[in-house]
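Please consult the sequence and the structure shown below.

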Amino acid sequence: MTEIRPRRSVLYMPGANERALEKAKSIDADALILDLEDSVSPDAKETGRANVCAAVTSGEYGHRELAIRVNSIGTQWHDDDVAAAAKAGPDAILVPKVESAQQVLDLVAAMEAAGAPESTQLWAMIETPKALLHAEEIAAAHERLTVIVMGTNDIVNETYGLHVPGRNPLVLTALSWTLLAVRAAGKVVIDGVYNDVKDAEGFVAEARQGREMGFDGKTLIHPSQVDPANEAFAPSEADIERARGMIAAFDEAAAQKKGVATFNGKMIEELHIRDAQRILAYAEALQGR
């Protein structure tokens with residue numbers, strides 16, 4: 001089984017806000033996206049760039065995975081953002097509005113030319129109709145691309161949809177389509193943001209929906225969303241005990257030369273055991289975080 005890195009809670013932090021970057025050191029998010037795009041005004045782009053690179057090289061963020069979100073391809077800041085981020089060597093460089101496999105290849109080449117260490121991954125945002133239609137090609141374009149992040153606000157905007165509880169029908173279709181594409185490529189996929197930071201109940205419902213669909217975690221816009229996301233995307237104690245029980249029952253059946261087993265009145269087979277093993281491995285990864 002490949003190494004598991006929890007990404008239940010992926011919190012955006014504004015790159016030009018030094019207080020926010022300092023506070024992020026104590027927030028229990030699995031990953032931080034140090035943002036140079038939407039949260040940074042044009043006159044603060046260079047300041048933000050310097051801030052996030054200094055944050056990455058500080059070594060003061062503990063277990064938190066650090067990604068720098070650069071400005072999108074074609075903007076006046078993009079090339080300098082990628083070069084500076086590559087030199088700083090974060091865990092990942094996140095690029096918004098990626099729309100093709102060729103763009104992925106070009107981004108990898110730019111990272112390598114700028115001296116990005118091998119440990120720095122490429123993450124890409126899917127947030128336009130064109131990207132959705134090419135999601136499978138994008139996700140499979142290069143092994144350095146490891147994570148796809150959903151840009152749900154932009155998807156709604158560019159398809160002229162509406163933000164509604166339950167995210168039906170359009171965004172749910174887009175999420176499902178991308179999830180299939182990313183899983184086919186064997187990559188990680190992170191759900192989009194929930195905009196109403198005061199609606200805790202709505203956030204929990206949407207996080208639970210994302211988990212039920214199969215997402216690895218959720219992008220967040222406020223620290224108050226971290227704990228609910230961590231809970232929603234982690235196996236519960238009941239899940240862990242069930243997984244252990246299934247494996248024990250299956251091992252007992254195998255010892256008796258049986259190909260299937262019964263646990264709590266339900267038939268279990270090899271595919272259920274693979275899922276149980278994944279749950280236990282994830283729980284172990286969380287304990288060692």
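## A buried pair: Glu37 and Arg69

In this predicted model, Glu37 is buried, with a relative accessible area of 9%. Its salt-bridge partner is Arg69, with an N to O distance of 3.2 Å. The two residues belong to distant parts of the chain, 32 residues apart: Glu37 occupies the loop between strand S2 (31-35) and helix H2 (45-58), while Arg69 is in strand S3 (residues 65-69). Arg69 counts as buried because its relative accessibility is 6%, and buried means under 20%.

## A link between helices H2 and H3

A salt bridge also joins the side chains of Arg49 and Asp81, at 2.8 Å from N to O. Arg49 lies in helix H2 and Asp81 in helix H3 (residues 78-88), so this pair ties together parts that are 32 residues apart in sequence. Asp81 is buried, at a relative accessible area of 1%, and Arg49 is buried as well, at 13%.

## A pair within helix H11

Asp239 and Arg242 form a salt bridge of 3.0 Å, N to O. Both lie in helix H11 (residues 237-255), three residues apart, about one turn of the helix. Arg242 counts as partly exposed at 40% relative accessibility, and Asp239 counts as partly exposed at 25%.

UniProt, in an unreviewed entry, lists residues 8-223 as "domain: HpcH/HpaI aldolase/citrate lyase". Over residues 8-223 the chain is 42% helix and 19% strand, and the end C-alpha atoms are 13 Å apart.

How values were computed. Residues numbered from 1 in each chain as written. Predicted model: local features only at pLDDT ≥ 70, side-chain atom pairs only at ≥ 80, totals over all residues. Heavy atoms only, no water. UniProt positions renumbered as here; feature names shortened; annotations may be inferred. Helix = DSSP H or I, 4+ residues; strand = E, 2+ residues; numbered from the N terminus. Salt bridge = Lys/Arg side-chain N within 4 Å of Asp/Glu carboxyl O. Buried < 20%, exposed > 50% of the residue type's maximum accessible area, 1.4 Å probe, protein only.
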